[in-house]
Amino acid sequence: MMRAPRLHEHRPYAAAFTLIEIMLAVAILGMVLLMLAESFHAVAGSKVHGENRIAIDQAARTILSQMSNELRGAVQTPFIASRVILLGNARKEGGAPMDTFTVSTLDPGHRRSLEGFGPEDTVAYVTTPNPDHRGWFLLKRIQYSSLLTKPPTLENSSPVVLANNLISLHLRYFDGTNWRESWDSTSLAAGQALPAEIAIDLKMGSGGGAALTLSTAVSPPMAFQAW
């Protein structure tokens, strides 16, 4: 015969979490998720920064290579009439070198025509302030036939923008004895219109890191000086 439970008897309660334990667990979980989010953000930021750095490096090296090729193709021929032009203008913007130069070049790598070598082209590199980023400049390139009697200017031509993050561009010219900050082939004797060597220092800005600086030296093959 079964005995009815007495009123004062207590049954054991099932195990459960208290409100404080639940709140503590939620707080710990939130801290873990926050640390994971910060780690993911740091990794993503590093990836973007690295890719941006690589892109700037590739762009700067391409520009430096293009300048070097065109300076190596500077025209100075002793037997065939050519328009010898190398004008290097030393200038500063905001305390930083912001040089410009114009060169008459036979370099076929940047010719727009398909026939290969032909009448030389004149190439000019100029800079203007970047209206969207203080301290940066636009590096522009103008190309036209050296046969033109009225060369185009920034006002009446459409220059190609090579970079919008230029910080400084410094060129120096070695005349066989001394380094010069500027160069004017029109004021020099025949056969000495080109320098023996040209040094180029290019500095490009980065959106979130240190600026990138590249340097090189160019020896124009046609620079047959009689020093």
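Which residue forms a salt bridge with Glu-93? The partner is Arg-91, and the closest N and O atoms of the pair lie 2.7 Å apart. The model is predicted. Its mean pLDDT is 80, and 71% of the residues reach 70 or more. Over residues 109-118 the pLDDT is below 50, and this stretch has 14 contacts in the model beyond near neighbours in sequence. Where pLDDT is low, the predicted coordinates should not be read in detail.

**Salt bridges**

- The structure holds four salt bridges, and three of them are described here, beginning with the pair of Glu-93 and Arg-91.
- Glu-93 is partly exposed, at 28% relative accessibility, and Arg-91 is also partly exposed, with a relative accessible area of 24%.
- Asp-57 forms a salt bridge with Arg-61, with 2.9 Å between the closest N and O atoms.
- Asp-57 and Arg-61 both belong to helix α1, and because they are four residues apart there, about one helical turn separates them.
- Arg-61 counts as partly exposed, with 48% relative accessibility.
- Arg-180 forms a salt bridge with Asp-175, and here the closest N and O atoms are 3.2 Å apart.
- Asp-175 is buried, with a relative accessible area of 8%, whereas Arg-180 is partly exposed at 29%.
- Side chains of opposite charge can pair when their charged atoms come close.

- Helix α1 covers residues 19-72, and Leu-24 is found in it.
- Leu-24 is exposed, because its relative accessible area of 52% is over the 50% cut-off.
- Leu-24 is part of a nonpolar patch on the surface, together with Ile-28, Leu-29, Met-31, Val-32, Leu-33, Met-35 and Leu-36.
- The residues of this patch have about 770 Å² of accessible area together.

- Strand β4 spans residues 100-105 and includes Thr-100.
- Thr-100 is buried, because its relative accessible area of 14% is under the 20% cut-off.
- Not counting residues up to four places away in sequence, Thr-100 touches Leu-87, Gly-88, Asn-89, Arg-91, Tyr-125, Val-126 and Thr-127.
- One of these contacts, Arg-91, is the salt-bridge partner of Glu-93.
- β4 and β5 run antiparallel and are joined by five bridges; Thr-102 has Ala-124 in β5 as its bridge partner.
- Strand β5 covers residues 121-129, and eight of its nine residues are buried, so the strand is largely enclosed by the rest of the structure.
- β5 also pairs with strand β6, residues 137-145, in the antiparallel sense over nine bridges.
- Lys-140 in β6 is the bridge partner of Val-126, and Val-126 is also among the residues that Thr-100 touches.
- In a regular strand the side chains alternate between the two faces of the sheet.

**Strand β7 and Ile-167**

- Ile-167 has its place in strand β7, which runs over residues 160-174.
- Ile-167 and Ala-211 are 44 residues apart in sequence, while their C-alpha atoms are 8.2 Å apart in space.
- Ala-211 is also in contact with Ile-167.

Methods. Residues are numbered from 1 along each chain as its sequence is written. Side-chain values use heavy atoms; hydrogens and water are left out. Patches are made of residues with over 30% relative accessible area and no salt bridge: like charges are joined within 9 Å, nonpolar side chains (Val, Leu, Ile, Met, Phe, Trp, Tyr) within 5 Å. Accessible areas come from the Shrake-Rupley method with a 1.4 Å probe; for residues, only the protein chains shown count as cover. A salt bridge is a side-chain nitrogen of Lys or Arg within 4 Å of a carboxyl oxygen of Asp or Glu. Helices (H or I, at least four residues) and strands (E, at least two) are DSSP runs, numbered from the N terminus. Buried means under 20% relative accessible area, exposed over 50%, partly exposed in between (1.4 Å probe, protein chains only). Contact means heavy atoms within 4.5 Å. pLDDT is the predictor's confidence in each residue, from 0 to 100. Two strands pair if DSSP finds at least two bridges between them.
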